[in-house]
Amino acid sequence: MKFLHAADLHLDTPFVGINDFSKELQKKLQDSTYQAARNLFKTALAEEVDFVILAGDIFDDTDSSLRAQMFLRDEFDKLNQAGIAVYLVYGNHDYYRNNFAVVNFPENVHIFEQDVSTKTLTTSDGVKVGITGFSYYQQHINQAVVKSYPGRGDFDYQIGILHAGVGDDNYAPFQINDLIQKGYDYWALGHIHKREVLCDSPAIVYPGDIQGRNQNETTPKGFYIVTVEDHLTKLKFVKSSVYTWDKVTLNVKNDSVDSLITKITDSLNQPDTLLTLTINNAQNLSDDVIKTIKRNELQHHFAEVETPSILYKIVLKFNDNPQLSQIDQKYWKQAQNQTLDLDKIKDLDSKLYAESIIRDHINDREFLQNITELVKNTINQKYTGE
């Protein structure tokens, strides 16, 4: 038996912060989730899998575009002609509603609705498979829905599909032991965009998203081909992403603009890579060089130069200096605890927090850490300039 497990296709991702790129590159980036999905479905056909599992957030928004729906319909139809079934759940981005789609998917597509249910199939080699799951019916689900999943049924192999985060109260929270206790053979997870195997036996797997969507989603992205032989589950990762996001740090001294251009050019050496460049020890640069960077003049220069990698962003990092180190850490900690409070940040503007793209960003695990580093960097820059 063989199946494909993918999640978080996020078709129609808008890709913010790319306005300085050429129109051609902007279009390629905005099409990259589609191209990554094409790579996924081509692999399903080439590998002759028995079925495909899509574990939520197939669309980037619950109001999915006609283009995205028709694209999926056409791809699903190709699978249908090859006798490949599709089992999908909707997640927090594309949560399930009545009359959700204006395009009807072919008969090989099995969609889980808001109540937990189990669907069955028998594969070409005679394996009786049970697949259990549910679709989101609203953006946030605070209940531990996995507790209502049934225990193992009378199947040769049982799979649970779950779009959720470990202990994440907003998204069907669960603990790994909750899944193990069900007695299933495989848990096809979605929602977390980092590829990770939480447990080997049973296999509890996040494939990650199929195309990185921002600078924090580094490394090649893709999905898993899962083969079951002699009751053993084997995973093979397959890359689908068109572009890879990466981060590089440059240490500088008294660099001129020319020497910076040379160093940056040497860093832009990986094809189809979007690079976030951090310039470390920026306090060593002259005011004129810093102004050139802050005006985005370096980025504009590289936008017009052909290099293997694409310069996405330059971040200036002003490192700690003796003046700042003299500040009593107790007072910094006090101020940090009072100011950098996640609940207070969420309450600053409830209308902004109501927007899904902002809410997801604030709820990202690294958000508070990034904000803290930004504050420190701003303070360091202020001290450097005095």
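Residues are numbered from 1 along each chain as its sequence is written, and side-chain values use heavy atoms, with hydrogens and water left out. Because the model is predicted, local features need pLDDT of at least 70 and side-chain atom pairs count only at pLDDT 80 or more, while totals for chains, interfaces and linings use all residues.

The loop between strand 1 (2-6) and helix 1 holds Asp8 and also His10. Helices (H or I, at least four residues) and strands (E, at least two) are DSSP runs, numbered from the N terminus. Asp8 has a positive phi of about 55°, although Asp8 is not a glycine. The phi of His10 is likewise positive in a residue other than glycine, near 50°. Asp8 has a relative accessible area of 1% and so is buried; His10, at 0%, is buried as well. Buried here means under 20% relative accessible area, exposed means over 50%, and partly exposed is in between (1.4 Å probe, protein chains only).

His191 is placed in the loop between strand 8 (186-190) and strand 9 (196-199). With a relative accessible area of 14%, His191 is buried. His191 and Ala7 are 184 residues apart in sequence, yet their C-alpha atoms are 7.3 Å apart in space. Further along, the loop between strand 9 and strand 10 (203-206) contains Pro202. The peptide bond from Ser201 to Pro202 is cis, with omega near 0°.

Helix 1 covers residues 23-47, and its 25 residues should span 36 Å at 1.5 Å a residue; the end C-alpha atoms are 36 Å apart, which agrees. The expected span is 1.5 Å times one less than the number of residues in the helix. Helix 1 bends by about 45° at Ser32, where the bend is the angle between axes fitted to the seven residues ending there and the seven starting there. After helix 1 comes Glu48, with a positive phi near 50°.

Phe76 belongs to helix 2 (residues 66-81) and is buried, with a relative accessible area of 0%. The side chain of Thr132 makes a polar contact of 2.7 Å with the side chain of Thr118.

The last stop is the second largest pocket, which holds about 480 Å³ of space. Leu25, Ala303, Val305, Thr307 and Ile310 are the closest to its centre of the 21 residues that line it. Helix 1, helix 6 (297-303) and strand 15 (310-316) are the elements that give two or more residues to the lining. On a 1 Å grid over the protein atoms alone, a pocket is an open set of points where a 1.4 Å probe fits, with protein on both sides within 12 Å along at least five of seven lines; lining residues have an atom within 4 Å of a point. Grid points are joined across faces, edges and corners, and a volume is the space filled by probe spheres set on the points. The lining divides into 11 nonpolar, four polar and six charged residues. Ala, Val, Leu, Ile, Met, Phe, Trp, Tyr, Cys and Pro count as nonpolar, Asp, Glu, Lys and Arg as charged, and the others, Gly among them, as polar.

Thr307 lies in the loop between helix 6 and strand 15, and at 18% relative accessibility counts as buried. A polar atom of the Thr307 side chain is 2.6 Å from the backbone oxygen of Ser309. Thr307 and Pro271 are 36 residues apart in sequence and 8.2 Å apart in space, C-alpha to C-alpha.

Key: Polar contact = N/O pair within 3.5 Å; in protein donor to acceptor, adjacent residues only side chain to side chain.
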